[in-house]
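Dear colleague,

Please find below the structure that I am handing over to you. My findings follow directly after it.

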Amino acid sequence: IAWRRGVHGYRLVLVGIGLGVVGKTYFGNDQTGFFLSGRAGLMHAKVEASATGIGSGSDSSNKPYFGVGLGYDFSPKWGMSLNFDHQKGSSDDLSVTARTVSVGVEARF
């Protein structure tokens, strides 16, 4: 994930990569229909900040992340979901929290 913001002489960049696990449970018997998913893992995030006339700095951290999703599998080959994820990155002087809502499409081979 990369986020860049540059307004009025400042710039903030957040880049992260994570490794985690996903669990999924179905409300039906044949692995189709509605499902609930959960995910958790560890994210390595790097924050870079600069401001005109002040300077710049960067820091990185390793923080846990988590998320939940609700979806529908139309067949064993594909489904859709609505997901919520929470990630956090911090340094000595800065804390960044990212809460993301996304729509997912799964294609299984």
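Gln-31 is exposed, at a relative accessible area of 52%, where exposed means over 50%, buried under 20% and partly exposed in between (1.4 Å probe, protein chains only). Gln-31 lies in the loop between strand 2 and strand 3, and its phi is near 60 degrees, a positive value in a residue other than glycine. Most residues other than glycine have a negative phi.

This is a predicted model, in which local features need pLDDT of at least 70 and side-chain atom pairs count only at pLDDT 80 or more, while totals for chains, interfaces and linings use all residues. Residues are numbered from 1 along each chain as its sequence is written, and side-chain values use heavy atoms, without hydrogens and water.

The protein chain has 0 helices and 6 strands, assigned as DSSP runs numbered from the N terminus (helices: H or I, at least four residues; strands: E, at least two). Along the sequence the pattern is β-β-β-β-β-β.

Of the 109 residues in the protein chain, 25% are buried. The largest nonpolar core consists of 7 residues: Leu-12, Leu-14, Met-43, Ala-45, Val-47, Tyr-65 and Val-96. Such a core is a set of buried Ala, Val, Leu, Ile, Met, Phe, Trp, Tyr and Cys residues joined through side-chain atoms within 4.5 Å. Strand 2 (10-26) and strand 3 (33-51) each contribute at least two residues to this core, and strand 3 gives the largest share, 3 residues.

Among contacts (heavy atoms within 4.5 Å) in the protein chain with a separation of 6 or more, 46% join residues 24 or more positions apart.

Yours sincerely
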